[in-house]
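Let's walk through a protein model together, one piece at a time. Keep the picture in view as you read.

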Amino acid sequence: MTAAAPPTRSGNPSGSRSAPAPHDDCPWIVGRVRASRPRVRLFCLPQAGGSAASFAPWRLAPPSGLELATVELPGRGVRGTDPLPETMEELADAVIDGISDEFDLPYAIFGHSFGALLGYEIAVGIARRGLTPPRALLVSAARSPHTPVRRRVSDRDDAGLLAWLNSFGGIPSELSRYPAYLRYALRTVRRDLALTEAYLAPGPERVDCPLHVLGGADDPLISGAQLERWRDCAAGEFSLRLLPGGHDYLFTGAPAALDALGTTLR
């Protein structure tokens, strides 16, 4: 749930990109990193308040054979003026509309925290539409979609929301040096959290692909027992793996997280 830091340009290793392809003009994908011989296109969905830039460290050393397609959601980053849909279901439908032309390569969906619930709803929507299913759905550090949220935080004022985020490293400390951007980041986090808190999947509906769950072993927000409840969303293959770190393990332990993704998607 770590909010994105002020956007910067991140370099890529020499040769990590190939020549531009038709998909490069997709407004939903920002900061794409191609593999010379991609096995899987990995759509990456950010945490509450995050953007495609949240995955910038991954672009420096992407797993072999994976194309990173980092998704830029409305209301943040280069799409800051685009309105955010009012429900998680509407947002998922909009993402599917935006990226479905990219299902021409075997693909997987990864989402962290807020992005995990969005990824689940996207996978369900893809099945309902009869589109090519993902090779896998990977979800990280999130309650299961059929588990009610324990407490609301989106209605706190800026000071209260910031204190909650700071309690688990949920916002970069350097943002305090940019008051205007900090206010913008908190506004984006609050809107995403409101969508998350209002979202509760009936059922749940089982996804039509392997489901892999990741989390931080010391996450104060989402326990291993809570992650285990994702098993109810799996129609077939299911795995659960805890990695060192807290709720922000994805960013504090990026190499281990990338290694886990690369291993899972072999």
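Which residue is the bridge partner of Leu138 in strand 5? The partner is His212. Before going further, a word on the model: it is predicted, with local features needing pLDDT of at least 70 and side-chain atom pairs counting only at pLDDT 80 or more, while totals for chains, interfaces and linings use all residues. Residues are numbered from 1 along each chain as its sequence is written, and side-chain values use heavy atoms, leaving out hydrogens and water.

Now look at the sheet. Strands of a sheet pair through backbone hydrogen bonds, either parallel or antiparallel. Here six strands make an open sheet with parallel pairing, in the order 2-1-3-4-5-6. (Strands, E, at least two residues, and helices, H or I, at least four, are DSSP runs numbered from the N terminus; two strands pair if DSSP finds at least two bridges between them.) Strand 2 (66-70) and strand 6 (238-243) are at the edges with a single partner strand each, so one side of each has no neighbour in the sheet. From one strand to the next, the twist averages 20 degrees. Strand 4 and strand 5 run parallel and are joined by four bridges.

Helix 2 packs on this sheet, where it touches strand 1, strand 3 and strand 4. Its direction makes about 145 degrees with that of strand 3 (axes are lines fitted to C-alpha atoms, for helices over the stretch in contact, and angles run from 0 to 180 degrees between N-to-C directions).

What about the inside? The largest nonpolar core has 56 residues, and Tyr120, Ile122, Leu137, Leu211 and Trp230 have the most contacts inside it. Such a core is a set of buried Ala, Val, Leu, Ile, Met, Phe, Trp, Tyr and Cys residues joined through side-chain atoms within 4.5 Å; buried means under 20% relative accessible area, exposed over 50%, partly exposed in between, with a 1.4 Å probe and protein chains only. Helix 2 gives the largest share of this core, nine residues.

Next, find helix 3 and helix 4. Their axes come within 11 Å and cross at roughly 80 degrees, which means that helix 3 is roughly perpendicular to helix 4 (under 35 degrees counts as roughly parallel, over 145 as roughly antiparallel, 65 to 115 as roughly perpendicular and the rest as oblique).

Finally, visit Asp192 in helix 4. Asp192 counts as buried because its relative accessibility is 0%. Leaving out residues up to four places away in sequence, Asp192 touches Gln47, Ala48, Gly49, Gly50, Arg76, Leu84 and Phe114 (contact means heavy atoms within 4.5 Å).
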